[in-house]
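Trainee: I would like to learn how to read a model of this kind feature by feature. Could we take it slowly, with the general idea ahead of each case?

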Amino acid sequence: MVVAITLHFAGYHQEIGYQPQKYAHGNQIRQALTEEKLVPPPPLAPEAFVDAVAEKPQLALDKADRDWNKMDPAFVQDVLRVMERMKARGFPMVLLEGYRSAERQNRLAGGSTKVTQAKGGESKHQYGLAADLAPVRNGKVVISERDPWAMQAYTALGEEAQAQGLGWGGVWSFRDYGHIERAGSLRALLAQREKK
């Protein structure tokens, strides 16, 4: 049985139609304001990176920047959500490198072992909008793409990053399986940042 009650208060009654967009927008704002901010995990001990650095010396602690504070805060939240999902899938991840200076970018692009095709100023790393991640197994960072477990982790990373609306380097012609970034052209993202 449905009972409908209409109240009239001294002629002040006004019929207001349901406005789904108004309520949906309000819910989005409410969710954004109450959503818990994720906190980056504590850094791994240098020993965890020994094998990774042996394979790729450019990942040495004195070269690769793992400071979450140098990255775009909204992007950091996206990355941390991806890392949470990865951990739930059995692939804990670690930040190999976030922010990267233009000078370092040029060294990586021009070295004998080409790590990237983007030169300084052309990479989202310089703007805090890209991160390189790697899986951790038994307390050690595993970056080898020849390792079947690591490749499963990178494939899962691509799925989770794309589900979060991020770009993944594993689909590029120059494959970069551990790389995730804010989707969209760098020019458009920087123009959007200028408007804020």
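Trainee: Against which element do the buried residues of H4 pack?

Mentor: Contact means heavy atoms within 4.5 Å, and buried means under 20% relative accessible area, with exposed over 50% and partly exposed in between, using a 1.4 Å probe and protein chains only. Helices (H or I, at least four residues) and strands (E, at least two) are DSSP runs, numbered from the N terminus. In this predicted model, the buried residues of H4 pack against S1. Local features here need pLDDT of at least 70, side-chain atom pairs count only at pLDDT 80 or more, and totals for chains, interfaces and linings use all residues. Residues are numbered from 1 along each chain as its sequence is written, and side-chain values use heavy atoms, with hydrogens and water left out.

Trainee: Which residues of H4 are buried, and which exposed residues does the face turned away from them carry?

Mentor: Arg104, Gln105, Leu108 and Ala109 are the buried ones in H4. Viewed down the axis of H4, the buried residues fall within an arc of 135°, the arc being that of the directions from the helix axis to the C-beta atoms, so they line one face of the helix. Glu103, Arg107 and Gly110 are the exposed residues carried by the face turned away from that buried side. Arg107, in the helix that spans residues 102-110, has a relative accessible area of 55% and is therefore exposed. The C-alpha atoms of Arg107 and Gln58 are separated by 9.7 Å, although the two residues are 49 residues apart along the chain.

Trainee: How should I read the strand pairing, and which strands does S2 pair with?

Mentor: Two strands pair if DSSP finds at least two bridges between them. S2 runs antiparallel to S1 (residues 93-97), to which four bridges join it, and Met93 stands opposite Pro135 in S2. With S5 (residues 179-182), S2 pairs in the antiparallel sense over three bridges, and here Ala130 stands opposite Glu181. S3 (residues 140-141) is joined to S2 by two bridges, again antiparallel, with Arg137 opposite Lys140.

Trainee: Is S2, then, mostly covered or mostly open?

Mentor: In a regular strand the side chains alternate between the two faces of the sheet. S2 (residues 130-137) is mostly covered, since seven of its eight residues are buried.

Trainee: What does a residue in H3 look like, taking Val79 as the case?

Mentor: Val79 lies in helix H3 and counts as buried because its relative accessibility is 0%. Leaving aside residues up to four places away in sequence, Val79 touches Trp68, Ala131, Leu133 and Ile180. The C-alpha atoms of Val79 and Glu160, 81 residues apart along the chain, are separated by 9.8 Å.

Trainee: How are pockets defined, and what volume does the largest pocket have?

Mentor: The search uses a 1 Å grid over the protein atoms alone: a pocket is an open set of points where a 1.4 Å probe fits, with protein on both sides within 12 Å along at least five of seven lines, and lining residues have an atom within 4 Å of a point. Grid points are joined across faces, edges and corners, and a volume is the space filled by probe spheres set on the points. The largest pocket has a volume of about 640 Å³. Of the 32 residues that line the largest pocket, Val115, Thr116, Asp132, Asp176 and His179 are the closest to its centre. S1, H4, S2 and S5 are the elements that give two or more residues to this lining.

Trainee: And what volume does the second largest pocket have, and which residues are closest to its centre?

Mentor: The second largest pocket has a volume of about 480 Å³. Of its 19 lining residues, the closest to its centre are Pro41, Pro42, Met83, Met93 and Val94. H3 (73-88) and S1 each give two or more residues to this lining, and H3 gives the most, with four residues.
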